[in-house]
Amino acid sequence: MSAIFRCEGLGKQYGGVVALQGVDLELEVGKVHGLIGPNGAGKSTFIDVASGRTAGFGRVHFQGRDITAVAPGERRRMGVSRSFQRTSIFPALTIRDQLDLAAHGAGGGDVEALAAMLGLDRVLDRRAEEVSYGQQRLVDLALALVGAPKVLLLDEPAAGLSVAESEVLATHLEEISAQWNVAVLLVEHDMDVVFRICHVLTVLASGRFLVSGPPSEVRTDPAVIRAYFGSTA
Amino acid sequence: MLINALNGLVYGSLLFVLSAGLVLVYGLRRVVNFAHGALYMLGAYIGWSVATLYGFAAGVVAAGVALAAVGVVLDLVLFRRLAGRQPLITVIVTFGVLLILEDVVRSVWGTGNRALDPPAALDGVVEIFGAPFPVYRLFIVAASAAMAGGLAAWLRWGRTGLFVRAASHDASVAAMCGVRTAAIGPMVVGLGAAFAGLSGIVAAPFLSIHPSMGSEILVLSFVVSVIGGLGSFAGAFVAAMLLGQVQSFGTVLLPELAALLPFLLMAGVLIFRPQGIAGTKG
């Protein structure tokens, strides 16, 4: 199957520090592509550059079109959506207001149905700062899902969740990738979630591409073990 | 006593409408706009010029429209570039705008005081519990309530108001959610400037019009913003009402300390609640 979202040579430099260098990556519809690596590997920088939030090097293609120069809001309308590492982006807004906002930006979307799917229907009219942390993370996921995007870039959606909450999140992501015909990029530290739902893994270390392949191969790759633990022992 | 309370309400209402413009601009651009007082003064002069030719209502419309246009230009030329800069830079630049606008007004209208009579329909007194009270002052309260209520309703229930609230929280994330923040900025600053201009012309028959009127009230509207909590409308409302009463009763009961009372109040709030009444820490 051909890639719906393709990144070529993505890079980013902050002053003299190279945060990301020449990383290629392709996303396919219906598949979850995990992007992992130790802290400082450049994972979030990759999502920032790929989503257009941060200017960087390289090219980004969506459905065969070069969208490198396309503004982030326009990318959202085209169907390229992302979540953010920090939670509760708009704490004082009700969850309904936030989803309405995202629906407008995405060019439409059934807010009620999405809230029901994620179990947020009972808290729709409460402010984000008033609901539990787990629900706030689901709000962040919902913001990215409104309007049924074609590409979903998720930046550590399980961060800070309990084991039970992570399992709920993983189940949602599995259903979404399988049923929505969406290509998912998942940056995540929770390896239980990563190995449960990802079809492909790419590993970054110190801003550079390290290895890519099926999760079963990547988890035993000596280079990956070295990157995480400093030795293959 | 009641008349003093009503006078406090009148002054507080005026302060709130003026401060609402400051809060709007700070909320979105994080720019502390020292030129806001000059916009209030410019609104009074433009409104006065039009009102003396075509009537008070035309003056009000002219002040609102002209200052909205000035606000849009200010955002496109200055505030957009100032967003995210160090506070000292924004203070210096916007204070410079204040000085320029004051000089422009002196060149066009001169340095003398101007007076504007209330429109005939509002030029009288009513008896409130046996005490006479100018109708125009009640109009100031009503006009301020209408402006504040309209702004609150727009922000709370309007679609564009929702975009403004989101962009005020985090403009870059709002942009990534599809909000056209490039259009929101001029709209919000234009609205904030229009509020300043409208409060200027509404205040004109109540206070006299002179080139320093903006600088004088600017200090008090900053006191309102700081006491209320920067960026908070609810806080600014409470602070403006409180300050109105402090000014009104202070003038009568403690005339020698009246000018100092707002600042004592602000110092007290800053000591016990540095983030202001409705502000958040950090």
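In chain B, helix α5 (residues 135-157) and α6(B) have axes that come within 5 Å and cross at roughly 80 degrees. An angle from 65 to 115 degrees counts as roughly perpendicular, and α5(B) and α6(B) are therefore roughly perpendicular to each other. The model described here is predicted.

**The α5(B) and α6(B) pair**

- Two packed helices are described by the angle between their axes and the distance between the axes.
- On the α5(B) side, the contact is made by W154(B), L155(B), R156(B) and W157(B).
- On the α6(B) side, G161(B), V164(B) and R165(B) take part.
- Sorted by class, this contact has 4 nonpolar, 1 polar and 2 charged residues.

- The buried residues of α6(B) are L162(B), F163(B), V164(B), R165(B), A166(B), A167(B) and S168(B).
- Within chain B, the cover over these buried residues includes α1 (2-29), α5, α7 and α8 (181-203).
- Chain A also contributes to this cover, through its helix α3 (95-106).

**The contact between the chains**

- Chain A gives 20 residues to the contact, and chain B gives 14 residues.
- On the side of chain B that touches chain A, the elements giving two or more residues are α6 (159-169) and α7 (171-176).
- Of the elements of chain B, α6(B) gives the most to this side, with 5 residues.
- By class, the side of chain B that touches chain A consists of 8 nonpolar, 3 polar and 3 charged residues.

**Helix α3 of chain B**

- Helix α3 of chain B covers residues 56-82 and bends by about 50 degrees at D75(B).
- Just after α3(B), G84(B) has a positive phi of about 90 degrees.

**Chain A as a whole**

- Chain A contains 9 helices and 10 strands.
- For its 233 residues, a compact globule would have a radius of gyration near 17 Å, and the value for chain A, 17 Å, agrees with this.
- Along the principal axes, the C-alpha atoms of chain A fill a box of roughly 50 × 40 × 40 Å.
- Of the 233 residues in chain A, 46% are buried.
- Among contacts in chain A between residues at least 6 apart in sequence, 69% join residues at least 24 apart.

Technical notes. Residues numbered from 1 in each chain as written. Chains lettered and ligands numbered in written order. Predicted model: local features only at pLDDT ≥ 70, side-chain atom pairs only at ≥ 80, totals over all residues. Helix = DSSP H or I, 4+ residues; strand = E, 2+ residues; numbered from the N terminus. Rg over C-alpha atoms; globule rule 2.2 N^0.38 Å. Buried ≥ 20, exposed ≤ 12 C-beta atoms within 10 Å, placed from the backbone. Contact = placed C-beta atoms within 7 Å. Nonpolar A, V, L, I, M, F, W, Y, C, P; charged D, E, K, R; others polar. Axes fitted to C-alpha atoms, helices over the stretch in contact; angles between N-to-C directions. Parallel < 35°, antiparallel > 145°, perpendicular 65-115°, else oblique. Bend = angle between axes of the 7 residues up to and from the residue.
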